[in-house]
Amino acid sequence: MDSSNVPEFTPKHRVPPRLRDYFTGASPFQRQLASVRKQTAFGQTPTRRKIPLCSPLQENIDPQKIAFLLHKQWTLHTLTPMYRFSYANLKQYSMHLKSFLAAEKQKGLAMEMGEDFNFKVTFSILSGIKGTHRDPAAFLVQIISKSQLSSKNAEDKVVWTGWFCCVYGDSLLENISDDFTCLPLFLANGAESNTALIGTWFQKTFDCCFTRLTISAFNLSWMAAMWTSCNLEHYRTATELLWSAPCSPQSLDISYAINPEDAKALWDSIHQTPEEITQEEVDLFIDCLCSHFHRHFKINLSATRLVCVSTSVASAHTDGKIKILCSKYLIGVLAFLTELAIFQIE
């Protein structure tokens with residue numbers, strides 16, 4: 001996706017006033033971020049990663065809420081720390097956000113809310129979607145269009161959903177002020193016009209800043225290796241990688257599907273250390289797949305760009321769209337996305 005078409009809530013260089021003051025002059029959060037980048041696996045281009053695939057807190061997740069989060073396409077964003085956000089005020093936030101959206105719709109702005117302003121906004125905690133007890137609790141925001149039908153059995157319709165989380169981000173939170181709540185990863189499903197308006201309300205209310213989170217080809221290759229390495233009882237979908245070749249007048253996409261058992265066997269022949277993945281292993285895995293493709297089709301994929309990865313665990317696109325397919329590895333996927341979100345925050 002052309003970056004010029006990606007909506008931004010605010011310019012990247014703009015940092016809200018109180019947050020800017022907090023970051024000025026090598027703040028504790030800023031120093032901690034620099035330290036973690038140097039000393040842990042949260043580096044921009046790490047040579048090795050220890051990937052947490054699950055969390056003991058995952059047992060607290062409501063199965064119905066997990067099912068709701070799976071198999072939907074989410075658009076990824078980063079979110080700077082929210083100033084004076086309180087979990088005790090979720091009910092008030094739902095009322096304030098509804099009033100804000102109703103006022104904006106009254107102005108004639110195009111958005112999907114429900115007919116005749118008949119909608120409600122809900123905030124709710126997503127228990128268990130965290131890596132450690134130090135991670136702030138994840139929460140869900142929904143816009144629900146209330147049915148106009150008189151029947152009591154008529155179901156309301158969810159027209160927009162967004163959720164905020166921080167999974168295994170505790171090493172970055174040690175010195176952050178108590179005035180700030182750090183949930184760096186925001187995932188949205190629904191009309192972009194709704195996402196933009198809700199982002200505006202959060203920015204005005206909590207002095208935070210949203211930015212679209214895209215995924216580089218480098219990180220997509222990590223995802224392909226990590227998700228292929230996952231042990232699943234049943235392989236239901238092929239491992240598919242999509243490369244884009246620059247052509248005129250438009251690019252050419254090359255789809256490469258691999259039997260999931262074959263992909264897992266290749267990874268197992270490369271991977272050496274349990275619970276740790278190295279950059280060398282990731283490179284070798286992708287190189288072997290490219291060499292196999294070249295041998296059969298005489299096409300050199302190294303001249304193209306990896307833009308999408310799809311496995312039985314999840315699928316992700318470079319434009320920042322992701323679909324999580326497996327509840328068992330939900331925490332592992334979110335841990336990696338949290339890492340990417342933290343390092344996009346400027």
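With a relative accessibility of 6%, Cys182 counts as buried, a label that applies under 20% relative accessible area, with over 50% called exposed and values in between partly exposed (1.4 Å probe, protein chains only). The model is predicted, so local features need pLDDT of at least 70 and side-chain atom pairs count only at pLDDT 80 or more, while totals for chains, interfaces and linings use all residues. Residues are numbered from 1 along each chain as its sequence is written, and side-chain values use heavy atoms, leaving out hydrogens and water.

Zero disulfides are present in the structure, a disulfide being a pair of cysteine sulfur atoms within 2.5 Å. For Cys182, the closest cysteine sulfur belongs to Cys166 and lies 5.5 Å away, too far for a bond. Cys290 is likewise buried, at 15% relative accessibility, and its sulfur is 9.4 Å from the closest cysteine sulfur, in Cys288, again too far for a bond.

Turning to the helices (DSSP runs of H or I, at least four residues, numbered from the N terminus), H6 (residues 217-228) and H8 (residues 279-297) have axes that come within 9 Å and cross at roughly 90°. These axes are lines fitted to C-alpha atoms over the stretch in contact, with angles running from 0 to 180 degrees between N-to-C directions. The pair is therefore roughly perpendicular, the class for 65 to 115 degrees.

Helix H5 (residues 192-206) has 15 residues. Its buried residues include Leu197, Ile198, Trp201 and Phe202. Asp207 follows H5 and has a positive phi, near 50°.

Definitions and conventions. Helix = DSSP H or I, 4+ residues; strand = E, 2+ residues; numbered from the N terminus. Parallel < 35°, antiparallel > 145°, perpendicular 65-115°, else oblique. Expected span 1.5 Å × (residues − 1).
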